[in-house]
Amino acid sequence: MKKLYIYILRSFIGTFIFTFFVAIFILLMQFLWTYLDDLVGKGLGFDVLGKLIFYTSITFVPMAMPLAILLSSLMCFGNLGEYYELVAMKASGISVWKIMRPLLIFSIIMSLTAFIFSNNVLPVATLKSKTLLRDVRKQKMSFDIPEGMFYKGIDGYTIRVNKKGADGTSLYDVMIYDHTEHQGNIKVTTADSATIALSPSQKEIVFTLYDGYNYNEVVDDNHYRQKRPFEKMKFAKQYVTFDISDFDLTQTDENALKGHQSMLNISQLNVAIDSLKRDTEERQQSYNISFVNRFQHFSSRDVENKAKGKYHDDDTISVFRWPLIDNFVEREQRSIINSACSSTRNISDNIDLNITDFKRQDTNLRKHQQVLHEKFSLSIACLLFFFIGAPLGAIIRKGGLGLPIVISVVFFVIYYIITITSQRIAIAGDIPVFLGVWLSSIILLPIGIFLTTKATTDSSILDGESWKKTINNIFKRNKKDTTL
């Protein structure tokens, strides 16, 4: 049995590693394609791209691991069935449960690993990935002036170069518009040629201009709009320096993003959830007290007006009624009505504002609860996919990369769609967060139990020959009924 278990584990683990990294690669390619415009043309070094790819790949593990377990278990048992190794094991008196035992132990270990990873590694990787991606997206395009086009990459300047030399540092027919004073094109510099070089600090780029002119409109004169004074200066050589420190990658402080729910572990999430619940309750109680006090103020004012004779004896004092305005002149009546309408609008706007704020707090609380449940749902998903893939491979008896991949993708897409949809509904508050996170697992659980039962009882429910025989029998019966 030991040699048999080693043989099964070798065939399973090899396939698992292969499918796991293939899934990571596919998800990473999707990520790079999504953010391609934010990455290209910014002069990012291999160290920055390497860190971004590494941390982003780690964040894809929760999606790649269940898919890898599903596909590898299906392929492993499919190969055993296709080459009649599974039949030989059964003929030797070894049940399917015993054959699945080493892989089940391995899947349990992977589930525990997934839980530890999701709780300890994933928050750190998510923090670094999101921070680095945010810095990359904020970074300006690299300094590269195109030929025959106006380049506006440097704040306050517009540069046009008619032609660039083959050495990459020579420029010809150069125009530089200075907009630093925000008064239009009042300063223009032209040159027949120029060379560019970085300063020793690498923070500035120096243009050395040759044989050109400086044009300047004088706008500090009192009557410049009528006189239009103009200055023109010729030069043989001139230096123009531009600050390019904005083109460097600025690193955001990670502490600014540490409070996000996806970057917290279980203990931190529990603390954050308790704090959010307590803050929400205190906020609601404070608002309720202030709302009641406001109407109590209206009620006390009604009582005072009653005592002053502004109300008749048959008038009902109510916190929702304003004083009778018949005792006032028309101008005062308009003022009272306008004041009442304005006060009502302010109260209504305050209510709407607080309702929106309470909804935002509830949504934030539900997001924290969702991430907390996801820490556990990942581990359970790994086990569920094993109990779907292993018996399904034993039933269909087909290995390779054809049918198993199709079936695995179908199951995983169904699982992913249900998960995303139910979680969004839960975040909106239409269903409990627990149900939103665990709905996909609840649906897959009976499927796994059904397939495992069929596999252990040697069912041919998904066997192609049995389906073919069943269909032929149905057609034969229909043919006989038609003849009669």
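This note goes through the predicted model point by point, from the whole chain down to single residues.

1. Basis of the note. The structure is a predicted model, in which local features need pLDDT of at least 70 and side-chain atom pairs count only at pLDDT 80 or more, whereas totals for chains, interfaces and linings use all residues. Residues are numbered from 1 along each chain as its sequence is written, and side-chain values use heavy atoms, with hydrogens and water left out.

2. The chain as a whole. The secondary structure comes to 12 helices and six strands, where helices (H or I, at least four residues) and strands (E, at least two) are DSSP runs numbered from the N terminus. Of the 484 residues, 37% are buried; buried means under 20% relative accessible area, exposed over 50%, and partly exposed in between, with a 1.4 Å probe and protein chains only. The chain exposes about 28,800 Å², and carbon and sulfur atoms supply 59% of that area, as computed by the Shrake-Rupley method with a 1.4 Å probe, where for residues only the protein chains shown count as cover. Among contacts (heavy atoms within 4.5 Å) between residues at least 6 apart in sequence, 67% join residues at least 24 apart.

3. Aromatic pairs. Rings of Phe, Tyr and Trp (its six-membered ring) pair if their centres lie within 6.5 Å, with planes under 30 degrees apart counted as stacked, over 60 as edge-to-face and the rest as tilted; by this rule there are 18 aromatic pairs. One of them joins Phe31 and Phe60, whose ring centres are 6.4 Å apart and whose planes stand at 65 degrees, so the pair is edge-to-face. Phe31 belongs to helix H1 and Phe60 to the loop between helix H3 (46–59) and helix H4 (61–82), so that distant parts of the chain, 29 residues apart, are linked, and both residues are buried. Tyr157 and Phe242 also form an edge-to-face pair, with 4.8 Å from centre to centre and 85 degrees between the planes. Because Tyr157 lies in strand E2 (residues 157–164) and Phe242 in strand E6 (residues 230–243), this pair ties together parts that are 85 residues apart in sequence; Phe242 is buried, with a relative accessible area of 1%. Ring pairs also link Phe12, Phe16, Phe20, Phe21 and Phe106 into a cluster.

4. Charges over rings. A charge sits over a ring if NZ of Lys or CZ of Arg is within 6 Å of the ring centre and within 35 degrees of the ring normal. The charged end of Lys232 is placed in this way over the ring of Tyr213, 4.6 Å from its centre, and that of Arg160 over the ring of Phe150, at 5.9 Å.

5. Most residues other than glycine have a negative phi. Asp211, in strand E5 (residues 204–217), has a positive phi of about 50 degrees and is partly exposed, with a relative accessible area of 44%.

6. A loop residue. Ile431 is found in the loop between helix H10 (403–427) and helix H11 (433–456), and at 23% relative accessibility it counts as partly exposed. Leaving aside residues up to four places away in sequence, Ile431 touches Ser422, Ile425, Ala426 and Gly436.
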